[in-house]
There are 2 protein chains.
Amino acid sequence: MKYGHFDDRKKEYIIQKPDTPYPWINYLGSEEFFGLISNTAGGYSFYKDASKRRLTRYRYNNVPIDAGGRYYYIYEKGEYFSPAWAPQKSNLDSYQCRHGLGYTIIESEKNLLKTEMKFFVPLGDNIEIHQIKIKNLSNEHRKIKLFSFLEFCLYDAEDDMTNFQRNFNTGEVEVDGSTIYHKTEYRERRNHYSFYTVNQEISGFDTDRESFLGLYNSFSNPDVLKTGESNNSIAHGWSPIGSHSLEIELNAGQEKEFIFQLGYIENKEEEKWESKGVINKNKAKKLISKYNSSDKVNKAFKKLRKHWEKLLSSFSIKHPDPKLERMVNIWNQYQNMVTYNLARSASYFESGISRGIGFRDSNQDLLGSAHMIPERVKKRIKDLASTQFEDGSAFHQYQPLTKKGNDKIGSGFNDDPLWLIFAVAAYIKETGDYEILKETVPFNNGKKATIFDHLEASFMHVVNNLGPHNLPLIGHADWNDCLNLSAFSEKPGESFQTVSNKDNSPAESVMIAGMFLTAGPDFVHLSRKMNKNKLAKKAEMALEEMKAAVNKYGRDDEWFVRAYDYYSKPLGTKDNKYAKIFIEPQGFCIMGGIGLKDGFAEKTLDSVNRKLNSEHGLMILDPTIKEYQINMGEVSSYPPGYKENGAIFCHNNPWIMIAETIIGNGERAFEYYSKIAPAYREDISKLHRTEPYVYAQMIAGKDAASFGEAKNSWLTGTAAWNFVAISQWILGIRPDFDGLKIDPCIPAEWDEYTVIRKFRGCKFKINVKNPKNINKGVEKIFVDGKEIEGQLLKTHDKDESKVEVIMG
Amino acid sequence: MKYGHFDDRKKEYIIQKPDTPYPWINYLGSEEFFGLISNTAGGYSFYKDASKRRLTRYRYNNVPIDAGGRYYYIYEKGEYFSPAWAPQKSNLDSYQCRHGLGYTIIESEKNLLKTEMKFFVPLGDNIEIHQIKIKNLSNEHRKIKLFSFLEFCLYDAEDDMTNFQRNFNTGEVEVDGSTIYHKTEYRERRNHYSFYTVNQEISGFDTDRESFLGLYNSFSNPDVLKTGESNNSIAHGWSPIGSHSLEIELNAGQEKEFIFQLGYIENKEEEKWESKGVINKNKAKKLISKYNSSDKVNKAFKKLRKHWEKLLSSFSIKHPDPKLERMVNIWNQYQNMVTYNLARSASYFESGISRGIGFRDSNQDLLGSAHMIPERVKKRIKDLASTQFEDGSAFHQYQPLTKKGNDKIGSGFNDDPLWLIFAVAAYIKETGDYEILKETVPFNNGKKATIFDHLEASFMHVVNNLGPHNLPLIGHADWNDCLNLSAFSEKPGESFQTVSNKDNSPAESVMIAGMFLTAGPDFVHLSRKMNKNKLAKKAEMALEEMKAAVNKYGRDDEWFVRAYDYYSKPLGTKDNKYAKIFIEPQGFCIMGGIGLKDGFAEKTLDSVNRKLNSEHGLMILDPTIKEYQINMGEVSSYPPGYKENGAIFCHNNPWIMIAETIIGNGERAFEYYSKIAPAYREDISKLHRTEPYVYAQMIAGKDAASFGEAKNSWLTGTAAWNFVAISQWILGIRPDFDGLKIDPCIPAEWDEYTVIRKFRGCKFKINVKNPKNINKGVEKIFVDGKEIEGQLLKTHDKDESKVEVIMG
């Protein structure tokens, strides 16, 4: 069952039923001001950091599920309705929500009133615009009222929902004309406030939640809407809100437009006050005036659309399969940008409280955005590197507001260091900018270092932390956060992510070994580029030794072992009772070049197909773990089929897709791709539940009661890795240090496709033909009509080049 | 405006309108299982610790305000209603909620169905009983359905509302007959589960929230109630709930009764499972069978009532003023028991997340419960002492589940140590049990110590931490948590409670000096009792020196100074711009004996009356602080009139009442008492907002927009201190080391009152006569007809004694 459809031309997903299987959301903003918005205008806004600078209040896991948002009510003659369906669940005559790139438009009709509400954050400013058009479709002159509503959060999201003894006493506002200023704690240490305004004279306002709603009412039946009269309430403590009322007269057929703005302002300490107790509103007024007319707003919206057009123009495909096109051209890249912006901090599954920017997470995410925003990727790499310790390990997370490592989550995830190599290599492969290696970014302890020093520390962190089988020590955990081989947790509720009861645990990770072998050659290359030949040699030796260790200790009969536990017993082998096979090392060891010559890679991938494949994708392990295993940790804490205990953990499926392309199996690579790519799952939206336009972190596995149900959409490394798999390995347009490699591995039935790829200043129009209907192999490549040697498109001076690729 | 009335005979408050100005709540349970319940059945339940072992889910500061609870729905012929008003806000024909001592009864009528729902936790068991009677008032035979609903919390309340990535995947239940077992995480480290059952065969059930409610519905309009058919859903992740449906047939006039139980079970590790994946239900079944009939439940309820009758029988008064009677005899003592049980952990203003058992808080609370539960008080003293450091300082809070100090809140509140002396002295004065001093309770570091050693450490902590004026260093803060003289916080959102930017701050507290002088003589007495005469001498000298320091540096012209700040400048003097006078030192310095001879006490209390008195009680300071003062901290962060910045902070009003009784001003003492005692404020319930039967922590002060509005009811030291003030100092029935002192200080117009006081095994019936209509002074006391010397009733062997007191 579908709840909408894709509009590929407008690059929108159009939702046609408001009661989607879960709220289907979008993100507003892509710089410092962000909003989450559901298909019925639920959600919240924040500045930079969803935890520390939350601007509007939202209640997670509430009843109803999506309660709180940017709510508008239209009032006429004692009746009212919500043009966005929520909160009243109004019985609308028509409804559609168009989630686009950085904007959302909700359109509806009721009582012969047509409403269009466009939500977006303009580029360059900390403001969220709600552009609302109301049209009288009747033949009569009408008087209506428009009420706005949003609830302010007292900035610190966690404190806001726990510390009522204080928070019910601090709320303060000012109202000046049509603008409501939320200034809680501005009287003391905050030098920032938010405001909510409309570009019209208002007939009334409310700033106290109870005055507007009534204590025992829900958002759907506010007291004020019963009378249609605002109370002009001023909040003193309790819960400050912003609500305007506007009296609107509409002739038959007439349309009027209103610009609401939610903004965020910071003042310097010495410029905080206009007069005693009255906040300085200069910056707010200036900002408001930038967007106080339809013309200005329309212009800003056009600019935003152009911005996204440009971002997406770096990679696009023409292909007979529209699902593939919309995934590659629009939604996967869009999701990559969102994960770049938000990391894992705030979605409808991430409460925005506890997670900041992850070292692993964001380094991985960069793999999916380097081609769109190389400059910002470079900046992020430097931010991430600055939270690395001198020994190569890193703070697992940092807070975006302060860019300081988050002590609560700690460190010791031994895969973390390597992701920096992946990210820097991807950046250089995209840009050719080796200069980044020489840029200075101190370690977390302040010690001066270059980016290359960071990479060396990363590489050496593995070399310096080997276990009894010469495999990398896993530390607290590797990429699989939930495989906690040193936690041995017995205490209920204890976080598996931070506890570690076994000092100097010898537990080892074959996955990290595979990662090391995958990233290692790039590190060797970069070392040579830095003229560190001795180091390069040393690194090559380390890689050889790791290869030997994996070959000796990392192979089970038919697949790769996952890890060695605290007792140095192997996990992920046929001799284990549960979890005989894990997905992670299978992908990475083959990417790292193991088993390619002796058929073990093929055998392994056949095992994956046999053991882990399902109609909804590849499961993370098999068989699922039926009882808690103290030596394995969180992975065994989940009911079978969920999360790391046997769900389809979408993030790692592309590793297998890539491995399949390496051995030339384009059928399977694409089969796996299309099983989890959301556009291909649109028809089963009711089962899938989360948005059909973005990846979810997981889909419940075959042992789950809800097999096929997705959870944790939007903020997942799934986005970046799937884009890498489809663009670089299946479609085979792969940036490399010395050029753009053309190496498709596709289903044999594909005859042809064309990719436009901007790469180092040149727009390559790459037409791939598959006359023999094979999976892999390039017979000839013509660049601007001239055949080239090999499969590498070199950088050149032309702005555009036509490339013909003949497979064979 | 009133919303109900007191029923003094039944010891209940009867609420007659469901939409009270704020949810008016009650507490169920008084041992290890607790429930908060509002007048419309909202609230939640937990085992021991509202933070770490939350059994049902509740959303604070929600819309509507009180969402989530023990919800029942009655369904008949396609229609349904909520007999408790919530969640449907049903238009009931009649409604009343009776909050009693440890139980709540909600009765209503609608559609000729009479429903009575009684909620209580029986003594000795971890179970909450919902006894529901439904009577058919019509003349027709009827078929109805009863639906139950409650939502399980995943035990850790904070994690439950932030960590959805995990928590949406872990939920697990079992259904066995009429019992729903909530077993999330039981598969791993939890060895406990909860259950929800009913003593009847059920026609259906639901355990998955969405299946029962529907994703976009609220509690008021569940999907299941639309059809009247349960889905028999089994929760897998997301949000487990418990809901039963019962088909009920009622003849004309017939009543039926149903016993629902919400219980908590812990199993030993080796007894966790009945069979693979199936939890061991033996203990649950045993517990269920204890309360599965009306007879058993009625018996348990009677036992509970007797228990409370007995608790309250230690102190009761007969007096012409019913408001005084109900405060003293019922509600103040009841609130004391609740603060004993819950400390500050969970109310409708305390989210139950961040606060455990406070060292200061609970030591103070014991002053109000020592006469009721001396044995439990003794136990609590030992728990508290065990979190004390060897130098006398203490963890400011500990978690009730683990009894370990809470690192997050830290220590350094320099009043903390002294409260232990107050508590132990109160215990000994009540019981005469000096043996407690010899009991062994190690310090937090494990070092062996006796309770007396703890007291010595407490006393010496003050002596060893004096500042430049020989006054006690304030440390992080004293009783006024918000007077943070060493915080100097500039960072927005930083907790004033933990930050300290000034090392070795010389800031001093005159209030601690007053406390020291108040508790000091008791410490001297106890030292002598322990034959520590040298120590006693030393202590006396320290007290003399403190007295001298207060006299020299602690007096302003007309009142006591509050403190010296980081710069050694005085705070709370006429020379300050704001907060020229604080309430705290005025009460404590006079209780400590300063200014009694030279008229300064009178002058001070006149100043208090002139500067701090208002129609709603005594404000904490004056004038309120208009701008943030970095050297004063949180006190200046509140808008004027709220909280510590000039509200009526009810907790400290009794200190002034006591001081007034010391100088003999019974008029003012009682004036202050009656201004804040909730029963006296019942008529202004709409303004007061919180419950008219229990104290609130604060009432907004005269500078507040909402002057007279109370906040933070129930869990406040206000309860204990007001009981001390009224019972010991105004009514003048005061336990002392050697007996019960009789020393009333009352309004002159009072002619007579009688107090029944159980004291060390004897029930004293004390009749006080005031023939000359004076405030203070005792002319004669007769015990069992015999006049005694002095004002002290000595312990004796009789079970009962009649005491006649003639004032004069």
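Biologist: Which residues is A:Tyr566 in contact with, leaving aside its neighbours within four places in sequence?

Modeller: Contact means heavy atoms within 4.5 Å. By that rule A:Tyr566 is in contact with A:Leu485, A:Phe488, A:Lys502, A:Ser505, A:Pro506 and A:Ala507. This is a predicted model, where local features need pLDDT of at least 70, side-chain atom pairs count only at pLDDT 80 or more, and totals for chains, interfaces and linings use all residues. Residues are numbered from 1 along each chain as its sequence is written, chains are lettered from A and ligands numbered from 1 in the order in which they are written, and side-chain values use heavy atoms, with hydrogens and water left out.

Biologist: Where is the place of A:Tyr566 in chain A?

Modeller: Helices (H or I, at least four residues) and strands (E, at least two) are DSSP runs, numbered from the N terminus. A:Tyr566 sits in the loop between strand 26 (563-564) and strand 27 (570-571) of chain A. A:Glu508 is 58 residues from A:Tyr566 in sequence, and their C-alpha atoms are 8.2 Å apart in space.

Biologist: Why does A:Tyr566 count as partly exposed?

Modeller: Look at relative accessible area: under 20% is buried, over 50% is exposed, and partly exposed is in between (1.4 Å probe, protein chains only). A:Tyr566 has 24% relative accessibility, so it counts as partly exposed.

Biologist: And does A:Lys303 count as buried or exposed?

Modeller: Exposed, because its relative accessibility is 53%. A:Lys303 belongs to helix 6 (residues 294-312) of chain A. Its C-alpha atom is 31 Å from that of A:Leu250, 53 residues apart along the chain.

Biologist: What about B:Ser38: buried or exposed?

Modeller: B:Ser38 has 0% relative accessibility, so it counts as buried. You will find B:Ser38 in strand 4 (residues 33-38) of chain B. Beyond its neighbours within four places in sequence, B:Ser38 has contacts including B:Trp24, B:His99 and B:Tyr348.

Biologist: How many residues of helix 16 (residues 653-662) of chain B are buried?

Modeller: In that helix of chain B, 9 of its 10 residues are buried, so call it mostly covered. Among them are B:Trp655, B:Ile658 and B:Glu660. After helix 16 of chain B comes B:Gly664, with a positive phi near 90°.

Biologist: What describes two packed helices?

Modeller: Two packed helices are described by the angle between their axes and the distance between the axes. Axes are lines fitted to C-alpha atoms, for helices over the stretch in contact, and angles run from 0 to 180 degrees between N-to-C directions. Under 35 degrees counts as roughly parallel, over 145 as roughly antiparallel, 65 to 115 as roughly perpendicular and the rest as oblique.

Helix 16 (residues 653-662) and helix 17 (residues 666-676) of chain A pack at about 160°, with axes 8 Å apart. That angle makes helix 16 of chain A roughly antiparallel to helix 17 of chain A.

Biologist: At what angle do helix 11 (residues 451-463) and helix 13 (residues 533-553) of chain B pack?

Modeller: Their angle is about 30°, and their axes are 11 Å apart. Helix 11 of chain B and helix 13 of chain B are therefore roughly parallel to each other. Residues making the contact include B:Phe452 and B:Phe459 of helix 11 of chain B, and B:Leu535 and B:Met546 of helix 13 of chain B.
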